[in-house]
Amino acid sequence: MLIVAADVVRVEGRLRAGELACPSCGAVLAPWEHGRPREVRGDLWARFFVRPRRSRCSSCQVRHVLLPEAIWQRRADAAEVIETGLEIAALGMRHCWVAAHLGLAEGTVRGWIRRFTSRAEDVRRYFTVALVALADDPVMPDSSGTPLADAVSAVVAAHRAATMKWSHMNTVSRWEFAGRAITGCILSCSLPAS
Ligand SMILES: [Zn+2]
């Protein structure tokens, strides 16, 4: 799997031009069919369909789905909806209040929060290392009292350091930044080595 920009036309152009690299070996990815259409729940009860592009490596032959950063692996809700839920939960809101705010089922939101909390220490550690690498004079976020809030704080701090280092990162939201950095593994799959 490779996280790509949400601009489908631009991604298709880059794929056909041989500008996308295999995450496994670094060789050129070539077009390879499309995935099945998926319905995704967006903000304010919006619904949209995505049909992820597939690709195959010209060297190791491994196939990779090109997942737009607007959606996360195996999630029915758009990334921006889940991000909002995690940030509200980091403020100390119970899952039922978060679900009410987003207009979603409590079980759905409870599932995100449990999943994120179970890997929160890995996320916190990964983005703390990123903060140290990106910032000239890194300031560690204060402990927030919960693993979930500490992980969210680490993402926010690393993103802020990235925007100070590279001005173009100001156009990339903190969770797009996080998704790209850990190849979409915010709620699933193993985080890459930091
Ligand atoms: Zn490869």
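Reader: How many residues of domain 1 are in contact with domain 2?

Author: In this predicted model, local features need pLDDT of at least 70, side-chain atom pairs count only at pLDDT 80 or more, and totals for chains, interfaces and linings use all residues. Residues are numbered from 1 along each chain as its sequence is written. Contact means that C-beta atoms, placed from the backbone, lie within 7 Å. Here five residues of domain 1 are in contact with five of domain 2.

Reader: Where do the domains run?

Author: Domain bounds come from an automatic or database domain assignment. Domain 1 is 2-68 and domain 2 is 79-181. Their C-alpha centres lie 24 Å apart.

Reader: How do strands of a sheet pair?

Author: They pair through backbone hydrogen bonds, either parallel or antiparallel. Strands are DSSP runs (E, at least two residues) and helices are too (H or I, at least four), numbered from the N terminus. Two strands pair if DSSP finds at least two bridges between them. In this structure, an open sheet of four strands has the order E1-E6-E5-E2, with mixed pairing. Its edge strands, E1 (2-4) and E2 (29-34), each pair on one side only. E5 (residues 53-57) and E6 (residues 63-68) run antiparallel, joined by four bridges. Arg-56 has Arg-63 in E6 as its bridge partner.

Reader: Which residues of H2 are buried?

Author: Buried means that 20 or more other C-beta atoms, placed from the backbone, lie within 10 Å of the residue's own; exposed means 12 or fewer, and partly exposed is in between. In H2, the buried residues include Val-81, Ile-82 and Leu-86. The buried residues of H2 pack against elements including strand E3 (38-41) and helix H6 (147-165).

Terms used
Two residues are in contact if their C-beta atoms, placed from the backbone, lie within 7 Å.
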